Structures are given as structure tokens and as C-alpha cells.
Amino acid sequence: MQTTQKSRKKWNARNWTVFIVATLGLAYIVLFHYVPMFGLLLGFKDADYSSNLLGGLLFSDWVGLDHFTTFLKDVDFWDVMSNTLLLNLIMLLINFPAPIIFALIINEVKHMIFKKSVHVIATFPQFISWAIYGGIIIALTDQTTGIFNPILELVGLSSAENPVYLMDSQYIWAVIIISSLLKSVGWGSIIYMAAIAGIDAQLYEAAELDGINRWQKAIYITLPCIAPTITVFLLLTVGRLLSNSFEQFNSVQNAVNLSKSEVLATYIYRLSFTSRRYSYATAIGFFNSCVSLFLLIVSNFISKKSTGRGLF
């Protein structure tokens with residue numbers, strides 16, 4: 001009798017709250033992440049141009065791997081794939097270390113008000129949606145009213161008679177990379193600043209006694225201590241080499257720069273909702289997910305073999 005009463009006492013209001021919140025979280029994951037996987041069947045069926053997507057999913061003819069072989073032979077697909085891969089590799093080399101460097105610099109600032117002010121200003125763009133942020137970028141790079149052409153004129157890279165159109169295909173990659181960097185560097189540095197805050201202060205004190213300067217402390221103490229955090233985010237970034245933010249690219253994409261700004265995210269969207277090639281777009285999306293999973297597994301394996309650290 002006493003055992004039964006003790007077990008009942010465990011389910012108080014707090015337990016029920018935790019249980020309900022956990023159940024809602026599980027329901028969200030199942031509803032929005034697992035149930036949609038049923039739609040992957042479209043990639044193996046002939047449901048292109050179907051007016052009833054659910055009917056096409058359930059009753060259309062099976063075509064096997066026909067859609068996969070089609071896009072592997074499609075020249076447009078490989079142009080989009082090269083844009084996606086090359087652009088993401090460049091962003092990996094530039095945008096990935098930027099938050100780490102920013103966190104190391106901010107960590108060295110001793111004036112707390114200035115330190116927090118700089119970090120808040122750097123983090124603020126993350127809270128602006130890409131629809132608005134992209135509009136700001138377009139306005140700033142405008143040929144006639146934008147602020148960048150007068151700056152380029154000062155350094156001799158543009159002129160009032162022949163202003164540079166920065167949204168052209170020739171410059172769009174630079175615009176995308178720089179705008180993405182400015183938007184994410186502050187937000188991305190938060191996790192690294194938290195990791196730096198968890199480093200034992202005695203390590204720095206012992207280093208100071210040995211005559212190590214601030215630069216050497218950052219290289220030989222701070223970076224090795226936050227290496228596990230860097231490894232995790234590097235692996236996740238490598239796993240997303242073929243993934244891009246649809247909102248980011250759609251906000252700056254136009255007919256002039258489409259040849260360079262078209263990536264898998266926008267290509268799949270255009271195939272689905274403009275061309276109504278639902279099965280073909282699903283096959284490409286499924287291929288993208290498989291390649292991303294493969295990259296994650298391989299990079300995790302290499303990381304564990306070389307550094308002893310990994311996601312799993």
C-alpha cells in the first residue's frame with residue numbers, strides 16, 4: 001500500500017507538465033518530420049502535372065528510378081548542382097570560421113558595455129527575415145540609389161556613367177556570401193562564446209605566469225578547449241553542403257543572375273510550384289537528402305579517426 005502511494009506521489013503537477021510538453025514535442029516531430037516522408041513515394045511514381053497531388057501519390061503508376069536517371073542526365077541539374085556545391089564550399093571556407101574568429105575577438109574585449117553592444121549589433125540581423133533583409137540588400141546595391149556604387153566610384157571600380165550592377169551574375173556570389181556573413185556571424189558566435197565562458201580560468205592564470213601573451217592564449221588554450229564544439233558544427237555544416245536557405249536565394253534571385261544564383265533549394269521549388277513536376281522534384285530532393293546523409297557519415301568517420309571526436 002505504501003509503495004503504491006509513493007508511486008502516485010511522483011505524478012504531481014510538474015510531472016504532468018513535463019509529460020505534456022514532451023508529448024507535444026514528440027507529436028510535432030512525428031507530424032512535421034516523419035509523416036511527410038510518406039511523400040517520398042512521389043519520387044518513384046508518375047505524378048508530374050497532377051491536379052490532385054494526393055490522388056497522384058496514391059494511385060499514379062510506379063516508374064521506379066526513372067526520375068533519378070533523368071535528372072542525372074539533365075544538363076540543367078548539373079549546372080544547379082555545381083552552383084550549389086561551389087557556393088557552399090566557398091561559404092564553408094569563409095562563413096564557418098568567421099563566428100569563431102568573432103567570438104575570440106569579442107572574448108578579448110574587457111569593456112563589458114562595449115562588448116555587449118558590439119555583440120547585440122552583430123546579432124540583430126539574424127532576427128530580420130530574409131524577405132526583408134534581401135530587400136535591404138537589393139536597395140543598397142541598386143545602380144542609381146544604392147550606397148555601394150558611390151563607394152566603388154571612390155576606389156575606381158565604378159563610374160556615374162556606367163555604374164556596376166552588383167546583382168548581376170558576375171557579382172551575385174560575392175553579394176550572397178557577404179550578406180550571409182553579416183547576417184549570421186553574430187548569431188553563430190553565441191555558442192562559441194558560451195563554450196569559451198566554460199573554460200577554466202585557472203588555465204589562463206597559469207599561462208600568464210609562464211609569460212604567454214593574449215594571442216598565444218587564444219591559440220593554445222581557447223581554441224583547443226572549444227575544439228569539440230567546433231567539430232560538431234563543422235560536421236553539421238559539411239552535412240548541409242547541398243542545402244541552402246530557400247528564402248535567402250529567392251530574395252536576391254532575378255532573371256539576370258539566375259544562371260549563378262539557382263541552387264537546389266530554388267530549383268526544386270521552381271520545378272514543384274511553377275513547372276508542376278512534383279515527382280521529378282521529389283526525386284531530386286530525395287537525392288539531395290541521401291547525399292547529405294552520406295557526407296555527414298563520411299565526415300564524422302574521418303573526424304573520429306583523425307581527432308577522436310564526432311557526432312556519433
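Phenylalanine 68 and phenylalanine 71 both lie in helix α4 (residues 66-72), three residues apart, or about one turn of the helix, where helices are DSSP runs (H or I) of at least four residues, numbered from the N terminus. The structure is a predicted model, in which local features need pLDDT of at least 70 and side-chain atom pairs count only at pLDDT 80 or more, while totals for chains, interfaces and linings use all residues. Residues are numbered from 1 along each chain as its sequence is written, and side-chain values use heavy atoms, with hydrogens and water left out.

Phenylalanine 68 is buried, with a relative accessible area of 12%, and phenylalanine 71 is likewise buried, at 0%; buried means under 20% relative accessible area, exposed over 50% and partly exposed in between, with a 1.4 Å probe and protein chains only. Both residues belong to one aromatic cluster, which also includes Phe44, Phe77 and Trp78.

Rings of Phe, Tyr and Trp (its six-membered ring) pair if their centres lie within 6.5 Å, and planes under 30 degrees apart count as stacked, over 60 as edge-to-face and the rest as tilted. By this rule the count comes to 16 aromatic pairs. The rings of tyrosine 28 and phenylalanine 32 have centres 5.0 Å apart and planes at 40°, so this pair is tilted. Being four residues apart in helix α2, tyrosine 28 and phenylalanine 32 are separated by about one helical turn. Tyrosine 28 counts as partly exposed, at 46% relative accessibility, whereas phenylalanine 32 is exposed, with a relative accessible area of 51%.

How values were computed. Helices (H or I, at least four residues) and strands (E, at least two) are DSSP runs, numbered from the N terminus.
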